[in-house]
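Subject: Structure handover

Hello,

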Amino acid sequence: LENDLKDVFREWKRREEEEHIQTPYTQLRGLAKGYFAMRHQLERERQPEARLHRQREFLADLLPILGYTFKPESRELDDGTRLPVISEVTRPNGAPEVWIIEALDLSGEETDPLELSLCSCQFPPEEESDKPFPETFLSDVITRLVFGRTEPPRWVILVSDTQLVLLDRSKWNEKRLLRFDLPE
């Protein structure tokens with residue numbers, strides 16, 4: 001990972017010096033106030049739709065800093081169920097390379113995003129409500145239905161209000177992942 005990122009860091013530094021574009025880590029520091037305001041609001045909010053709205057306001061600011069477009073959509077999986085994806089990067093042939101999946105913690109107890117399940121409010125409102133979605137832990141959904149697809153993404157980023165979890169399909173069977181604690 002360190003070798004893969006050397007060129008990325010070098011490019012960030014160049015853009016900061018030559019084009020006066022802030023590095024992502026500088027931009028992330030700028031999100032701290034908004035992040036903690038969102039967390040404070042979530043402590044008092046119990047309605048799933050309202051929790052989702054507050055979380056998505058923050059994610060709409062976070063994802064562009066990380067280089068992704070915030071665009072909630074739904075993807076049909078091989079078994080006919082659907083999955084809400086808030087951002088996607090595709091390969092030149094159109095197959096997914098990265099899926100960013102939102103985990104919504106309705107308990108407010110800082111649950112591990114892999115131990116959360118999907119909520120119907122996470123799907124676009126214009127979508128037919130009779131289409132099924134997996135009603136199991138996101139760890140199972142990712143293992144069986146995402147990485148088990150005919151054309152699975154190489155990477156999944158699972159994001160909640162407290163964590164960002166990076167999963168590499170080639171490492172997932174060993175349960176190896178990178179976890180970022182957002183409050184930290």
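By class, the lining of the largest pocket holds 30 nonpolar, 1 polar and 8 charged residues (Ala, Val, Leu, Ile, Met, Phe, Trp, Tyr, Cys and Pro count as nonpolar, Asp, Glu, Lys and Arg as charged, the others, Gly among them, as polar). This is a predicted model, in which local features need pLDDT of at least 70 and side-chain atom pairs pLDDT 80 or more, while totals for chains, interfaces and linings use all residues. Residues are numbered from 1 along each chain as its sequence is written, and side-chain values use heavy atoms, without hydrogens and water.

A pocket here is an open set of points on a 1 Å grid over the protein atoms alone, where a 1.4 Å probe fits, with protein on both sides within 12 Å along at least five of seven lines; lining residues have an atom within 4 Å of a point. The largest pocket has 39 lining residues, with L5, L66, L164, L166 and F180 nearest its centre. Among the elements giving two or more residues to this lining are α1 (2–19), α4 (48–65) and β6 (163–168); α1 gives the most, 5 residues. Helices (H or I, at least four residues) and strands (E, at least two) are DSSP runs, numbered from the N terminus.

The whole structure has 0 disulfides, a disulfide being a pair of cysteine sulfur atoms within 2.5 Å. C119 is buried at 14% relative accessibility (buried means under 20% relative accessible area, with a 1.4 Å probe and protein chains only), and C121 is buried at 15%.

Regards

Methods: Buried means under 20% relative accessible area, exposed over 50%, partly exposed in between (1.4 Å probe, protein chains only).
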